[in-house]
Amino acid sequence: MIVSDTFAFLHLHKSGGTFVNHMMIKCLASARRVGYHLPYSEMPDTCRHLAVLGTVRNPWAYYVSWYHFQNGQERPNPLFLICSENRSLDFAGTIRNLVTLADDSARVERLAEVFPDHFVNYGLNLRQQCIERIRGSGAGFYSFLYNRLYAGAASPNIIPMERLRETLFDMQLGLNAQETLLTRDFLRSVPKLNVSDHGAYQDYYTPELRDLVALWDHQVIDAYDYRF
């Protein structure tokens, strides 16, 4: 979460947020970090008058990015280790467990045992109380993250990651002339940040897993007209 004098940015996990974070810190004099991956419910009272900016991503692409980022780590996070059964499962098996986590009480309990009871300001930054809320929610994991992040925000302006640069370039963010110049230069010149190494996301899905994501993450898919 980063706030400025004119708007606040909520960082949805692996959805272009690192790019926006860097842009704000580099280009906006008033920008300051409040926390990492914090939801709107943790917004300081003094900032709740600010317009809210956020991002979203095609859920099928999100799961591929998440898997390859974690699988490339020497010490993946507990979510990856528990959903992949200590790396014994492949992409399809791991993502099946992650997407359907809301219906897997035993796995949620295992996660609650290893998640911290407080915000740590790195990684997913989910507490035990956060992961408990997915139980029985009926939401796929990405939809759960989306709902958790933006719940309570009035009319947040959420930009699809696939159109992030061009949308930010034309968006009225209440910046002064100097900040507008710096921001547009950043958008023109800075490459993608925090990118996972993988191929086209479609190549990793079986028809069964493709349809499973379509079912569990239909809220986000339908809201932004995403297609496989």
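Biologist: At what angle do the axes of helix α4 and helix α10 cross?

Modeller: In this predicted model, helix α4 spans residues 91-99 and helix α10 spans residues 207-216. Their axes come within 10 Å, and the crossing angle is roughly 15 degrees.

Biologist: Is α4 roughly parallel or roughly antiparallel to α10?

Modeller: Angles under 35 degrees count as roughly parallel. The axes of α4 and α10 cross at roughly 15 degrees, which makes the arrangement of α4 and α10 roughly parallel.

Biologist: Which residues make the contact of α4 with α10, and how many of them are charged?

Modeller: The crossing of these two helices is left-handed. From α4, the contact draws on Phe91, Ala92, Ile95, Arg96 and Val99, and from α10 on Glu208, Leu209, Leu212, Val213 and Trp216. By class, 8 of these are nonpolar and none is polar, and the number of charged residues is 2.

Biologist: Is the crossing of α2 and α10 left-handed or right-handed?

Modeller: Helix α2 covers residues 59-71, and its axis lies 10 Å from that of α10, at an angle of about 115 degrees. The crossing of α2 and α10 is right-handed.

Biologist: How many nonpolar residues does the contact of α2 with α10 have?

Modeller: Pro59, Trp60 and Tyr63 of α2 make this contact with Arg210, Val213 and Ala214 of α10. The contact has 1 charged residue and no polar ones, and its nonpolar residues number 5.

Biologist: Which residues of α4 does α2 meet?

Modeller: The axes of α2 and α4 come within 11 Å and cross at roughly 115 degrees, and the crossing is right-handed. The contact of α2 with α4 comprises 8 nonpolar residues, 1 polar residue and no charged ones. On the α2 side stand Tyr63, Val64, Trp66 and Tyr67, and the residues they meet in α4 are Phe91, Thr94, Ile95, Leu98 and Val99.

Biologist: What is the volume of the largest cavity?

Modeller: With a cut-off of 30 Å³ or more, the structure holds 1 cavity. The volume of the largest cavity is about 60 Å³.

Biologist: Which residues line the largest cavity, and how many of them are polar?

Modeller: The lining consists of His11, Leu12, His13, His37, Leu124, Leu126, Leu145, Arg148 and Leu149. Of these residues, 5 are nonpolar and 1 is charged, while the number of polar residues is 3.

Conventions. Residues numbered from 1 in each chain as written. Predicted model: local features only at pLDDT ≥ 70, side-chain atom pairs only at ≥ 80, totals over all residues. Heavy atoms only, no water. 1 Å grid on protein atoms, 1.4 Å probe; cavity = no way out; pocket = protein on both sides within 12 Å on 5 of 7 lines; lining within 4 Å. Points joined across faces, edges and corners; volume = space filled by probe spheres on them. Nonpolar A, V, L, I, M, F, W, Y, C, P; charged D, E, K, R; others polar. Axes fitted to C-alpha atoms, helices over the stretch in contact; angles between N-to-C directions. Helix = DSSP H or I, 4+ residues; strand = E, 2+ residues; numbered from the N terminus. Parallel < 35°, antiparallel > 145°, perpendicular 65-115°, else oblique. Left-handed = near helix turned anticlockwise from the far one by under 90°. Contact = heavy atoms within 4.5 Å.
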